[in-house]
Amino acid sequence: MSHRKWHAVGSSQAVTVMRTEVRKTKKGTSHKAIPVLDVPSEPHMPSGPSRAAAAAVAETLEEADHDMCIPDFMEDVENPRPEKRRKTKASGSSPDVDADGEDADGQEADKEEADKEEAEAWVDELEYGAELGMHSSTEGSIQPNCLVRTLIFKTGYFIASSLYAAGLRVNFGHGNRPCEIEANASVRKLTVVDITGVHSLRASICDCPGADKDIFQLLTMGLYPGSVSRPRTCFTFRVLDDFLLANKVSGIAAQSYFERLRRLSNSAFPHRVPNRYRELLRTSRQWRNLKYRKWKGYGHGREDLGPGKLTLSCVACPRPGINLAAGWENENESWKHAVSFVMDGNFSAEHLKMRRPGDDIPLADGHGFMVTNLPYKEHLKAAVDVREALKHHEGIKHFLIMYDVSCQYSKKAKARFESSPQFLKWPSAMIDWGIGKFHVHGHQRDCLVKYSPSFIPGAGLVDGEVIETLWAPLNRISGSTRAMSTSHRKEVIDDHMNDSNWRKTTGMVKMLSKRFLQAVKELALSKETLRNMESSSNVEHLAEWKRIEAQARAKRRDDLSVMEPYEVMQTKAPGKQDIQLLLEQEEGRTKANPGLASWLAEGLALQEQQLTVAALARRVKSDSLLTEQLQLVNRRNRLQRGIDSFTKQAATFWKDGADSDDDEEETDDEPEAAYTGEDWADVAEDPDVTDDMVVIEDPDDETQPESVPLRLPSTIGHEKLANMNKRALGEQELRLREGQANDALHRLRMAIGLKSMVYVTQVRPANSQRMQTRAFKEAQNVEKVITEWSRVFTLARRNMIPLVMTVGEGEAMEKRFNEFYTSKKEAAAIAKQTAGAAAKGKQITQPTDEARQSAFRLFLQTLPPVMRKYRPLHKEDLTAATHLVDHTERNSSRKELSWIWSVDVGGDTENSEWLAELHRVNWLRQKARHDRWDEQVVLVKEEMKRTIRSFEFYAREWASLERGSIGHRSYAMRQQGRWQALADEAHASFSSLPGMTPIART
């Protein structure tokens, strides 16, 4: 057990800072006094006895040992022990730090004792400095250890000072010893920038014959000069490393970083600290380039630098000659070694045009990820329309190129490459074009199955958006790179890209292990789902689907039209937008009521928004979650703005529409409240238990925007519209309502088909609680969609009735529909009862259904055509039709389809074709999903092998560079050991994964 005590002894000539080590052992307590630093007294310092001053110094140093940053040179960990220092002195060497050339430790023993006796002779002020500590790491090589703050003792307290004021002088050129001939030493004031702040000290530069240049003397001491001609500013190696690391981790700019150092040096008066911001920009740029050259082995006699030579490539991607096994080029499955390219642009990283481009000096022109400047500019002049270049990997037979607009770019890409053969080379390999999964959903419907990587054989589970993950860290530095020179900006971006690759390299083992376990798990699930689908499918249909899938796999690269069966191909009836387009085209030809179609379509869209907001309001009323309350208020405000705009435009179409005052008064009657879809029950959702619960009640007398009726022709009625000479408005709304109903029925058929597939392939085969929960959650999500579109259809039909019938006629029609629906339910119940009784041997008289059906058909003939087509929608109409998806289901021939499947769908009235097509699409997509997970397992295994080979390749490369000086050999050995350790860790981790076959080492 040990502790330390601090004290200071001195005279009128010098002060010695002492540290006493008190060690307690079993044998007793030992004290050892260690001289730490000598500082000469300045002429203005008084002398005389002052025990209080000496005690204040000791007490302050004692507190500093615990509360301040005590420099490492005061520790014995990395410094020579005091006994070794005394041996050095005896042999004629100088101590680590020399003050104006005086050897404080070399004083005579009796003189040193006299100094201690006069330690109490201090009066008023005492100045001490614990400044620049140096230690000898190797013979003749001295490195800076740290820089600390300097304090001046005033009466009762300390104030900040500087190393220069403390009289500290650092010797350069003789292994930290002063020049034997004092005249050969050039003493200058040197500003040193360190992580502890900005310091000033005296530097004794050796000018002896044969001495190194001053910049090399500084570099030998671990200081990087700010200029090459009589440098007055230098930076410690560690502050340059710290700035570059901070810039990559937090994106801090050089100006902000140096401002931090100035405030650290003098928090009260930072403007008094020398501003070396521009020097930091210059030296950090040089330091970055030197570091990369060192890391890539160019200090060990490698070949000259070339394009891309300072980049760190992906260790898992296929690279011929580095991480591919022998004979890889002869394998039939070329997709295992396909190279993926992702192209994208970052529009946030802007760059200002340079005022003086001629002053731009590149340090790494094209050596990183950025292209070489001159050839790129020549290429742009020769081919203005081409902006991206495909780098060819020699020997690679398969490429996967991902681009946000590949559907358009791929059409002329080859011709553009061939038009610039001097700059671009089109690879003689198979190329698959894809669109990232995030962007592909913003394209046309057919782009999904043609360009999504989910449908590209050999792509595995790739999202094609990896470059998007790079934009976020680069955008953090876009503010500082915006005004940089072109070359400096490229170098900074290269640095961040290399850092991103390095972080991926160190995390590659963990990431691939996670991907492998996920791929094995998902492959088993997808295989089970596919097997369930095939077991419930018609044999003839399944054979046809397999033929379609094989054809798509074989021909998709040459003809993307073979991917169309992966989408629903039946043409649906004209939707709302289709009819709106026809109406606007008619307006353009007739010049009648310009803008009417757009205004009516806006009204229909607002009513659909009212349904959504009303559903949200009901959910908020029951759950009262804070986030949903905020969402409700936001949507209500947006809806109210839309209603206000719609109402303002309505005056244009309703004016001059009344023939008499009576008619005008009649149209002023307030219509009933807007339809909010309460007749369709909301699908329950699990509340967010992490959110705050609030109670916010709406006033009873307040009308919310979702309940406000819109003044559309349907709210007036066809009779009043005729009296107002506005029948044309009603006719156009009716056509739009038909399109709205067609859209809703189309979405309902799609959702019911998906619901049927979920029940057949997920709910019924589920054999565990986890699988059942997951399956029912999927079914619940589909049910929510069905409810939303059921409300839209009901809204469209309710507004059709007043456009073709009177109020009385509409009520009578709805009554007859309800009576038929009730009688049908009763008949179904009796039929079920009869079947049960027959099973028990009983007989129950069942009324015939033929008379009821005949009467209902006669009733339908009395209705307007549009009302015969669009009937009331009931919950039973939305039941999953699993008997058309699963041909093995019993009693399927007795099950009756809802009327929604017989509505005109692009001229097709076959009930089962919609579900049959949905089943085909679901099987094809499930087969593609299964294939992608199967490929993912294979690809991840290959990536694991390539990762190990890459690590071993770099280890062998550094082992071959173990030559030259001791420093060169040591660095090469360390790098070789690092890469070998990564290879060993990767091999051990991958081999321990369940289901992983052993990986052979090279």
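Which residues in α15 meet which residues in α29? Keep that in mind while we look around.

This is a predicted model, in which local features need pLDDT of at least 70, side-chain atom pairs count only at pLDDT 80 or more, and totals for chains, interfaces and linings use all residues. Residues are numbered from 1 along each chain as its sequence is written, and side-chain values use heavy atoms, with hydrogens and water left out.

Start with the whole chain in cartoon view: there are 29 helices and 16 strands (DSSP runs, H or I of at least four residues for helices, E of at least two for strands, numbered from the N terminus).

Next, select W599, W654, F793, M813, M867 and L873, which touch the most other members of the largest nonpolar core, a set of 60 residues. Such a core joins buried Ala, Val, Leu, Ile, Met, Phe, Trp, Tyr and Cys residues through side-chain atoms within 4.5 Å, where buried means under 20% relative accessible area with a 1.4 Å probe, protein chains only. Helix α18 gives this core its largest share, 11 residues.

Now zoom in on F793. Beyond its neighbours within four places in sequence, F793 is in contact (heavy atoms within 4.5 Å) with A741, A744, L745, Y870, R871, L873 and W899.

Finally, show α15 (residues 508–535) and α29 (residues 966–991), whose axes come within 10 Å and cross at roughly 15°. The axes are lines fitted to C-alpha atoms over the stretch in contact, with angles from 0 to 180 degrees between N-to-C directions. The two helices are therefore roughly parallel (angles under 35 degrees). Here is the reply to the opening question: V509, L512 and S513 of α15 meet A986, S989 and F990 of α29.

Key
Buried means under 20% relative accessible area, exposed over 50%, partly exposed in between (1.4 Å probe, protein chains only). Angles under 35 degrees count as roughly parallel, over 145 as roughly antiparallel, 65 to 115 as roughly perpendicular and the rest as oblique.
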